[in-house]
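Hi,

Here is the structure I promised to pass on. Have a look at it first, and my notes on what turned up follow below.

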Amino acid sequence: MSIKQFDDNCPGCKPVLADPKTMETLPDSDPAMQAINAVWATTTREQRQAFHNITCNNSRNAADIALVEPLMVDIQLALDALSGPKQ
């Protein structure tokens, strides 16, 4: 895992979800992770680097935040779609 620098080949440099009971990361075969990975596959390198800067290096840089906010919205929408329409 690369904490200091983003690496596209590093599995620790992408979003994951954890089971709240076990705190084990969900496998890529989990529907939620499939949804997240589908969104992640559409990102630019700059977005992925900004995500890494924020999550691994605690960046509060306005440029990083501006790149990551829409990504987080897209991930939330993808996860919401798994549970179906809201009532």
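A quick definition before the rest: I call two N or O atoms a polar contact when they lie within 3.5 Å, and within protein one must be able to donate a hydrogen and the other to accept it. Please also keep in mind that this is a predicted model.

With that in hand, take Ser 59, which sits in the loop between α2 and α3. A polar atom of the Ser 59 side chain lies 3.1 Å from the backbone nitrogen of Asn 61. Ser 59 counts as buried, at 14% relative accessibility. What does it touch once neighbours within four places in sequence are left aside? The answer is Asn 53, Ile 54 and Asp 64. Asn 58 is found in that loop between α2 and α3 as well, but at 52% relative accessibility Asn 58 counts as exposed. The phi of Asn 58 is near 55°, a positive value in a residue other than glycine.

Met 23 has a positive phi too, near 60°, and is likewise not a glycine. Met 23 lies in the segment before α1 and is exposed, with a relative accessible area of 58%.

On to the helices. Helix α1 covers residues 31–40, and its buried residues are Ala 32, Met 33, Ala 35, Ile 36, Val 39 and Trp 40. They cover an arc of only 155° around the axis, so they are on the same side of α1. At the start of α1, a side-chain oxygen of Asp 30 comes to within 2.9 Å of the backbone nitrogen of Ala 32.

Trp 40 comes up again in the aromatics. A search of the whole structure gives one aromatic pair. That pair is Trp 40 with Phe 51, edge-to-face, at 5.2 Å centre to centre and 70° between the planes. Trp 40 lies in helix α1 and Phe 51 in helix α2, so the pair ties together parts that are 11 residues apart in sequence. Are these two residues buried or exposed? Both Trp 40 and Phe 51 are buried.

Now the charged pairs. How many salt bridges does a search of the whole structure find? It finds three. In one of them the side chains of Arg 45 and Asp 8 meet, at 2.9 Å from N to O. Arg 45 is in helix α2 and Asp 8 in the segment before α1, so this pair ties together parts that are 37 residues apart in sequence. Another joins Arg 48 to Asp 8, with the closest N and O atoms 2.8 Å apart. Here the link runs from Arg 48 in helix α2 to Asp 8 in the segment before α1, 40 residues apart. As for accessibility, Arg 45 is partly exposed at 36%, Asp 8 is partly exposed at 41%, and Arg 48 counts as buried at 13%.

There is also a salt bridge between Asp 28 and Lys 14, whose closest N and O atoms are 3.3 Å apart. Asp 28 and Lys 14 are both in the segment before α1, 14 residues apart. Asp 28 counts as partly exposed at 45% relative accessibility, and Lys 14 is partly exposed with a relative accessible area of 23%.

Last, the cysteines. Cys 10 counts as buried at 10% relative accessibility, and Cys 13 is buried with a relative accessible area of 2%.

Cheers

Notes. Residues are numbered from 1 along each chain as its sequence is written. This is a predicted model: local features need pLDDT of at least 70, side-chain atom pairs count only at pLDDT 80 or more; totals for chains, interfaces and linings use all residues. Side-chain values use heavy atoms; hydrogens and water are left out. Buried means under 20% relative accessible area, exposed over 50%, partly exposed in between (1.4 Å probe, protein chains only). Helices (H or I, at least four residues) and strands (E, at least two) are DSSP runs, numbered from the N terminus. The arc is that of the directions from the helix axis to the C-beta atoms. A salt bridge is a side-chain nitrogen of Lys or Arg within 4 Å of a carboxyl oxygen of Asp or Glu. Contact means heavy atoms within 4.5 Å. Rings of Phe, Tyr and Trp (its six-membered ring) pair if their centres lie within 6.5 Å; planes under 30 degrees apart count as stacked, over 60 as edge-to-face and the rest as tilted.
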